[in-house]
Amino acid sequence: MSGAGKKIADVAFKAGRTIDWEGMAKMLVSDEARKEFATLRRAFDEVNSTLQTKFSQEPEPIDWEYYRKGIGSRLVDMYKQAYESIEVPKYVDKVTPEYKSKFDALLVELKEAEGKSLKESERLEKEIAEVRELKEKISTMTAEEYFEKHPELKKKFDDEIRNDYWGY
């Protein structure tokens, strides 16, 4: 196997070990997302397995002496010379540099979106806590207690009463 193919297989294998599959799986909430994630992981494992088996093994050397005995040295020497003259070109990665900058830009965008998402999640958690608190206290709460927490509504109602606007 060429050195480049083995290097690619080694990198893919190391990448598979460094991915926190369990950590990502814990973040999924919907069943559809879990199914898609399982499909992604299965596809990744299949590709990684293929890279490890097909591309990481060196080809078995040809036993030229065995063929010389059965076929004849002249023909085998001709095949051996042709076989050894074959030069397999080494893989030169031209795709990765092209997309690396795009990928890096997406990573930055992802981090920004993650930050916004975490802030929004915190805001929603606070709002949920407030609604739960209100739900527990609503049966015993007075209007004054409610207006203490929501002064903008008190101002709106006071303005409507002052302007003699009763909603009809």
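The protein exposes about 15,200 Å², with carbon and sulfur atoms supplying 58% of it (Shrake-Rupley method, 1.4 Å probe; for residues, only the protein chains shown count as cover). This is a predicted model: local features need pLDDT of at least 70, side-chain atom pairs count only at pLDDT 80 or more, and totals for chains, interfaces and linings use all residues. Residues are numbered from 1 along each chain as its sequence is written, and side-chain values use heavy atoms, leaving out hydrogens and water.

**Overall make-up**
- The protein has 8 helices and 0 strands (DSSP runs numbered from the N terminus: H or I of at least four residues for helices, E of at least two for strands).
- Along the sequence the pattern reads α-α-α-α-α-α-α-α.
- Of the 168 residues, 9% count as buried, meaning under 20% relative accessible area with a 1.4 Å probe, protein chains only.
- Among contacts (heavy atoms within 4.5 Å) between residues at least 6 apart in sequence, 50% join residues at least 24 apart.

**Helices α4 and α5**
- The axes of α4 (residues 64-71) and α5 (residues 73-85) come within 7 Å and cross at roughly 145°; axes are lines fitted to C-alpha atoms over the stretch in contact, with angles from 0 to 180 degrees between N-to-C directions.
- From α4, W64, Y67, R68 and I71 meet S73, L75, V76, D77, Y79, K80 and Y83 of α5.
- These contact residues divide into 7 nonpolar, 1 polar and 3 charged (nonpolar: Ala, Val, Leu, Ile, Met, Phe, Trp, Tyr, Cys, Pro; charged: Asp, Glu, Lys, Arg; polar: the others, Gly among them).

**Annotated region**
- An unreviewed UniProt entry annotates residues 107-144 as "coiled-coil region"; such annotations may be inferred rather than shown by experiment.
- Over residues 107-144 the chain is 87% helix and 0% strand.
- The end C-alpha atoms of residues 107-144 are 50 Å apart.

Methods. Buried < 20%, exposed > 50% of the residue type's maximum accessible area, 1.4 Å probe, protein only.
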